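This report describes a single protein model from its overall dimensions down to selected residues. The structure is shown first.

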Amino acid sequence: MKNIALSATLLFIAFLFACTAPEPENTPVHDPMDYEKVLGAPEAVVETEDFPENTISGPLAYAPDVPKLNTGDVVHVRIDVQHKLIEIKEGVKFWAWPFGDDVPGPVLRVKVGQRVIFKMANRSMETIEFSPPMPHSIDFHAALVSPSDKYRSVPPGQTITFEWVANYPGVFMYHCGTTSILQHMVYGMVGMTIVEPKDGFPGEVDREIALIQNEYYLKEKEDGTYMVDFDAARKKQPMFVAFNGKPAQYVQNPIKVKAGERIRLYLLNVGPNDQSSFHIVGTLFDKVWWDGNPVNEMRGMQTVLLGASSGAIVEFTLPEPGTYPFVDHEFADVEAGAVGLFIAE
Ligand SMILES: [Cu+2]
């Protein structure tokens, strides 16, 4: 009994010592996120102007292409909204509300510290005979600004201008934030922003590709074109799931790469409702940066799980010549079009 009491006392003393022992001195580690963030921006301006011919300008490209960075501390970006008939699959045309000219909208690329001067015209009244004009807005997940000011809805025919500074590196979503947000997103108002660290992403790669996953909830109209099926969207029952806006497009037209080259994929699941379990058959992700931030690094992953609006950067090589399918490993989504092919030569 005495021995048990003694052991308990010794354990208690050891516990106390562990609690009060000084922390061992660590070598200071440089925190790559340790820089001054720029918060907020001047008030947004909504006005009437003459619209330019182009609907987009700035460091923008449609996925799978990845735009080049603009040099300089200030970057001018314009992405207008229009209502437009787009073909997402042979025989499936629908009146989308795209940012720019396609669904998803263009990929924007900036780097930490750059100030984005952003302009967006609501051109939805230009096709009034086919599709009713509608207020629209834009919400950049990459920005730290007041949504009630910058992300306000813009009436048809008006242009909003506001600015924001890129503070965090990553792969971020942008989307229309006008109610019903679900409705505006399933009409195609979604896109990707890539923010590079101040000194660029670490490591060299041979190839950069952007892949954006989205769901379509559609029903056929009497004239053979398609419109959004809002009930299906509320029930989360997509007709199609697509990479870069067109279901199974990379089965018909595979993405050609070289065996052994190092590939960096910018991945984003814009949803709006479902997650993506992104996987490539025949390889593993050598590096995965959650939300595209190199600080959030994981290694040797088979699948990247992306919730709605989550992004990632993955790096990999295709080990030898061959055909390598890429999928959302939730296989109901493969049946709906979330599948493509890399051909390594
Ligand atoms: Cu909208």
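**Basis and overall form**

The model is predicted: local features require pLDDT of at least 70, side-chain atom pairs count only at pLDDT 80 or more, and totals for chains, interfaces and linings use all residues. Numbering starts from 1 along each chain as its sequence is written.

The protein chain comprises 6 helices and 25 strands; these are DSSP runs numbered from the N terminus, with helices (H or I) of at least four residues and strands (E) of at least two. Along the principal axes, its C-alpha atoms fill a box of roughly 95 × 50 × 45 Å. Of its 345 residues, 40% count as buried. A residue is termed buried if 20 or more other C-beta atoms lie within 10 Å of its own, exposed if 12 or fewer, and partly exposed in between, with C-beta atoms placed from the backbone. Among contacts with a separation of 6 or more, 74% link residues 24 or more positions apart; a contact requires C-beta atoms, placed from the backbone, within 7 Å.

**Domains and their contact**

The domain assignment gives domain 1 (45-196) and domain 2 (207-344), with bounds taken from an automatic or database assignment. Their C-alpha centres lie 21 Å apart. The contact takes 31 residues from domain 1 and 35 residues from domain 2. On the side of domain 1 that touches domain 2, the elements giving two or more residues are strand 5, strand 6, strand 11 (170-175), helix 3 (181-186) and strand 12 (190-196). Strand 11 supplies the largest share of that side, 5 residues. By class, the side has 23 nonpolar, 4 polar and 4 charged residues. Here Ala, Val, Leu, Ile, Met, Phe, Trp, Tyr, Cys and Pro count as nonpolar, Asp, Glu, Lys and Arg as charged, and the others, Gly among them, as polar.

**Sheets and strand pairs**

Two strands are taken to pair if DSSP finds at least two bridges between them. An open sheet of 5 strands has the order 17-25-24-19-22 and mixed pairing. Its edge strands, strand 17 (255-257) and strand 22 (303-306), each pair on one side only. Another open sheet, of 6 strands, runs in the order 16-13-18-23-20-21, also with mixed pairing. Strand 16 (240-243) and strand 21 (297-301) are the edge strands there.

| Strand pair | Sense | Bridges |
|---|---|---|
| Strand 5 (84-89) and strand 6 (92-96) | antiparallel | 5 bridges |
| Strand 17 and strand 25 (339-344) | parallel | 3 bridges |
| Strand 20 (285-290) and strand 23 (311-317) | antiparallel | 4 bridges |

Strand 5 and strand 6 form a hairpin with 2 residues between them, and Gly-91 in the turn has a positive phi of about 85°. Lys-89 has Val-92 of strand 6 as its bridge partner. Val-257 stands opposite Ala-344 in strand 25, while Lys-287 is bridged to Glu-315 in strand 23.

**Lys-150**

Lys-150 belongs to helix 2 (residues 147-150). Lys-150 counts as buried because 24 other C-beta atoms lie within 10 Å. Leaving aside residues up to four places away in sequence, Lys-150 touches Ala-44, Val-145, Phe-162 and Trp-164. Between Lys-150 and Asp-229, 79 residues apart in sequence, the C-alpha to C-alpha distance is 29 Å.

Technical notes
Two residues are in contact if their C-beta atoms, placed from the backbone, lie within 7 Å.
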